[in-house]
Amino acid sequence: MNLKTPLKDVLHTTNDHIAVLGTMGLHTVEDFLFYLPRAHEDLSSIQTIAQSPLNEKVTIRGSIGALKIVRIRGGKYLISTMFRDTSDEAVEVIWFNQPHIKRMLPENSDVVLTGKIIEKSYKLQMQSPQFEIAGNRPLVHAGRLVAVYPQHDVINTKWLREKMVLVKDAIDLIAETLPAELLADEKLLSKKDAVRALHFPEKPEDVEDARQRMAFEEMFNVQTAALERKKMWQGEHQKRLQIPMNAELIKLFFASLKFKPTNSQKIAIYEILKDMEKDTAMSRLLEGDVGSGKTLVAVAVMATAIKAGGQCALMVPTEVLARQHAENVSRLLLTFHSYLEEQGMHDFIRLPHVALLTGSTPSPDARAIKIGLVNGTIDIVIGTHALIEEPVQFKDVKLVIVDEQHRFGVAQRARLKDKGNPHFLAMTATPIPRTLALTAYGDHDLSVLLEKPGNRKIIQTKVVAPDDRKTVELFIDHQISEGRQIFVVCPLITGSEAEEIKDVKSVEQETKRLKESFPHRRIATLHGRMLPKEKEDVLREFKAKEFDILVSTSVIEVGIDIPNSTIMIIEGAERFGLAQLHQFRGRVGRSDHQSHCFLFTTTVEQSKSPRLRAMEKYDSGFQLAEIDLKLRGPGEIFGFRQSGLPEFQFAQMFQPEFVLRARRAAERMMGVEGARAS
Ligand code: ADP
Ligand code: MG
């Protein structure tokens, strides 16, 4: 027997079983040995009947009497026998509807039973215990630590344990997959010892060491792959990518602002500029809660790239955001330039030419922009992904920034490589805990904006049950009289009579209802079925205070910046994930006015949900993400599902020391310099 031996030659089983194994991808001895247990159960202590607590799983050893088989109702069988342990205590044992057991357990067999002893009409009884004939061979199913395999209808744990014994000797042939040096440094079991310990552990520590080893290998492989992707992205050394850090520019830019940058912003800018000094392409993720001021960081580093004679591209997921970014970026750069003029330094940097290129840019304009990009008259182009999909060429693009990176795929990034392999900065408001980021975005270095800018007041958040609506509506009306504006988010566009959602609020119904309740207020509507142009008009008019209330679907979620809006109402809040609710809430709290967020639930019961209550308690996206992670798993962190987290059998994604250890090991083995360990 070797690792490639077909299972049919060694397992002594039926063709049917071999066929089922085939459907599970198990063809050879090697496949079979790597079908690893999902857990272990400690059945090592064998008790006497007298010692055994009732109604708890116990293992007992002794001999059985003759098996009686009787037919019961429904044509089923009942097997019963008496079991005596070594101290001659007895218990009745029964099995339902497993007539084959009669053949397997001859009278007076020495057996080990595992199950619960119960008291039934003043008698001790064990119902359908697991059994194993002890005899002279080592025990497989009890009296030891036993493996529990993944659930399967045909190939059950008991069968697997028995068959695994038949291929046990081949474990010695399993090749090592980690470098010897790494095994020594990290004090890990060899692969074959780990596999052996998982199938046939002697003691709990064996299992622990084996799981450690397997877990480490999984995480090490993920981290190595991430570092390799990073190396690929960085590609060749290119002198043209070296952008000298310009401290004076940053100082002047900060001086031109009407506020002071936060420490986090300064640190992030520094980290990015440090990367851009190198002759290999940056690959960095800038993570900052909604409203943490990522745009400012982007503008500071784009200005630096332009000063060095390069071009920049800024990509966002939607046209609305592209337009908003174009306005904000232009405004910041214009202010910067006016400031330089005041200082008599207009030669320091020319006023950058910013262009907006989206799917709805009229084609003559688009053509002009493309020409400007090729001949270098345009410094910054802002747009949607059309920017890289289309045959847009640059004179010398040195920096590409992507906002809300989870919508930016690997393939798109590969296409960027063809446009000159520029420095790459992804920005996201998804509060991914650092450890998770290392695993999910391991090919990026990470900068995090921890503080919120300005002296913003914490957004007052309240979960509101249906019967408390009226009070809140009065409050809202009062806020409108004070000049504030309101967002209302509904889960649906149009109402539905379908049972599960008939009580869930829709944009259309809610607009109608609000118009009746607030006849003196101006109410606008926004949803995904409107044309881009219509959406933009509504947003522009709302920003210009032509409306008091904006009723919308979740399209409002990403990046919209309307500081005068201070109230966010979320209808059917129970239908949204925590991180998504946090994103909605981030649409308010953008000015010095006190902001509020009301989470309306469809039923009273839902208003008690711990998830929603967490929104009242925490205002930090990072804290909420941790809670979401605990309550619902990583898939639920906003947009995270699509980002393709690796799947692990053993590795613990959320143990920071463990992830870091694997990361450091991968860096060591690949001979690359590690990122800051902060
Ligand atoms: P996000 O990180 O969500 O993209 P933005 O860049 O849109 O955040 O910034 C949110 C708001 O905070 C903007 O109105 C911006 O002008 C303002 N802002 C950014 N940095 C600061 C700062 N250091 N001090 C005060 N306000 C700031
Ligand atoms: Mg933003």
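## Close-up views of a predicted model

**View 1. Helices α9 and α10 cross.** The axes of α9 and α10 come within 10 Å and cross at roughly 35 degrees. This model is predicted. The crossing of α9 past α10 is right-handed. On the α9 side, Gln265, Ala268, Ile269, Ile272, Leu273 and Met276 make the contact. On the α10 side, the contact residues are Leu296, Val297, Ala300, Val301 and Thr304. By class, the contact of α9 with α10 has 9 nonpolar residues, 2 polar ones and no charged ones.

**View 2. Helices α10 and α11 cross.** Two packed helices are described by the angle between their axes and the distance between the axes. Helix α10 spans residues 294–307. Its axis and that of α11 come within 10 Å and cross at roughly 60 degrees. The two helices, α10 and α11, are therefore oblique to each other. Their crossing is right-handed. From α10, the contact takes in Thr295, Val299, Met302 and Ala303. From α11, it takes in His325, Val329, Leu332 and Leu333. The contact of α10 with α11 counts 6 nonpolar residues, 2 polar and no charged.

**View 3. An open sheet has seven strands.** Strands of a sheet pair through backbone hydrogen bonds, either parallel or antiparallel. Here 7 strands form an open sheet, and the pairing is parallel. The order is β12-β13-β11-β14-β15-β10-β16. Follow that order from one edge to the other: the edge strands are β12 (354–357) and β16 (445–449). Each edge strand pairs on one side only. Neighbouring strands of this sheet are turned by 20 degrees against each other on average, direction ignored.

**View 4. Strands β10 and β15 pair.** Strand β10 covers residues 283–288, and strand β15 covers residues 423–428. The two run parallel, joined by 5 bridges. Find Arg284: opposite this residue stands Leu425 in β15.

View 5. Helix α9 (residues 263–276) lies across β10, β14 (397–403), β15 and β16. Helix α9 runs at about 160 degrees to β16. Helix α11 (residues 319–342) also packs on the sheet. The strands that α11 touches are β11 (311–315), β12, β13 (380–383) and β14. The direction of α11 makes about 155 degrees with that of β13.

**View 6. A second open sheet has six strands.** In this view, 6 strands form an open sheet in the order β17-β22-β21-β18-β20-β19. The pairing is parallel. Which are the edge strands? They are β17 (460–464) and β19 (523–526), and each pairs on one side only. From one strand to the next, the twist averages 20 degrees.

**View 7. Strands β19 and β20 pair, and helix α17 lies across them.** Strand β20 (residues 549–552) and β19 pair in the parallel sense over 4 bridges. Look for Thr525: the bridge partner of this residue is Val551, in β20. Helix α17 (residues 507–517) lies across β18 (485–489), β19 and β20. Helix α17 runs at about 155 degrees to β20.

**View 8. Helix α19 is mostly covered.** This helix spans residues 578–585. How many of its 8 residues are buried? The count is 8 of 8. The buried residues of α19 are Leu578, Ala579, Gln580, Leu581, His582, Gln583, Phe584 and Arg585.

Definitions and conventions: Residues are numbered from 1 along each chain as its sequence is written. Chains are lettered from A and ligands numbered from 1 in the order in which they are written. This is a predicted model: local features need pLDDT of at least 70, side-chain atom pairs count only at pLDDT 80 or more; totals for chains, interfaces and linings use all residues. Side-chain values use heavy atoms; hydrogens and water are left out. Two strands pair if DSSP finds at least two bridges between them. Axes are lines fitted to C-alpha atoms, for helices over the stretch in contact, and angles run from 0 to 180 degrees between N-to-C directions. Contact means heavy atoms within 4.5 Å. Angles under 35 degrees count as roughly parallel, over 145 as roughly antiparallel, 65 to 115 as roughly perpendicular and the rest as oblique. A crossing is left-handed if the near helix is turned anticlockwise from the far one by less than a right angle, and right-handed if clockwise. Ala, Val, Leu, Ile, Met, Phe, Trp, Tyr, Cys and Pro count as nonpolar, Asp, Glu, Lys and Arg as charged, and the others, Gly among them, as polar. Buried means under 20% relative accessible area, exposed over 50%, partly exposed in between (1.4 Å probe, protein chains only).
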